[in-house]
Amino acid sequence: MSESTPRRPAYNRLLDRAVRILGVRDHSEQELRRKLMAPVMGKKGPEEIDASAEDYDRVIAWCYEHNYLDDNRFIARFIASRSRKGYGPQRIRQELNQKGIYREATERAMRECEIDWCEQAREQAVRKYGEPLPKEFSEKVKIQRFLLYRGYLMEDIQDIWRNFAD
């Protein structure tokens with residue numbers, strides 16, 4: 001584009017960028033705002049978008065209105081995705097908090113999801129340490145530390161040995 005050609009309005013460029021970003025995967029509103037405000041790589045390096053706060057708000061409102069942005073859908077998909085990767089409820093809550101999701105929405109989604117966290121913790125332990133799970137205290141501690149790191153609750157971890165003991 002030459003110097004004499006007028007650029008498209010900031011709102012239109014932001015809207016195109018938002019649709020491209022949301023076309024890849026769902027985002028929370030905060031994530032989308034952060035990505036929209038980030039500089040764009042141009043031919044001469046990073047370029048700031050000269051958009052007003054009102055332009056950002058209009059783009060976000062348009063995305064909500066046309067169902068491109070939906071925090072509840074994002075939360076549900078995020079929980080499903082992270083749980084499939086072997087992460088527990090505490091870690092998922094923490095990550096959602098970092099993505100700007102309110103605690104109430106997270107807790108509601110966690111109650112509505114149909115994931116058996118105890119069974120999932122057991123599957124992670126078996127995947128890492130093999131079947132049958134060890135009975136010695138020192139080995140149990142290793143497994144507990146691993147599962148706590150992955151974000152499982154201590155009650156779910158302890159239920160592994162209570163519910164699945166021989």
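Trp62 counts as partly exposed, at 22% relative accessibility, where partly exposed covers the range between buried (under 20% relative accessible area) and exposed (over 50%), computed with a 1.4 Å probe on protein chains only. Tyr68 is also partly exposed, with a relative accessible area of 34%. The model is predicted, so that local features need pLDDT of at least 70 and side-chain atom pairs count only at pLDDT 80 or more, whereas totals for chains, interfaces and linings use all residues. Residues are numbered from 1 along each chain as its sequence is written, and side-chain values use heavy atoms, with hydrogens and water left out.

The structure holds three aromatic pairs, a pair being two rings of Phe, Tyr or Trp (its six-membered ring) with centres within 6.5 Å, called stacked if the planes are under 30 degrees apart, edge-to-face if over 60, and tilted otherwise. One of these is the stacked pair of Trp62 and Tyr68, with 5.3 Å from centre to centre and 20° between the planes. The pair of Tyr129 and Phe146 is edge-to-face, because the planes stand at 80°, with the ring centres 6.0 Å apart. Since Tyr129 lies in helix H7 (residues 117-129) and Phe146 in helix H8 (residues 137-150), this pair ties together parts that are 17 residues apart in sequence; such helices are DSSP runs of H or I with at least four residues, numbered from the N terminus. Tyr129 is partly exposed at 29% relative accessibility, whereas Phe146, at 17%, counts as buried.

Charged side chains also meet aromatic rings. Arg58 lies over the face of Tyr11, at 3.9 Å from the ring centre, and the charged end of Arg150 sits over the ring of Tyr87, 4.2 Å from its centre; a charge sits over a ring if NZ of Lys or CZ of Arg is within 6 Å of the ring centre and within 35 degrees of the ring normal.

Methods: Helices (H or I, at least four residues) and strands (E, at least two) are DSSP runs, numbered from the N terminus.
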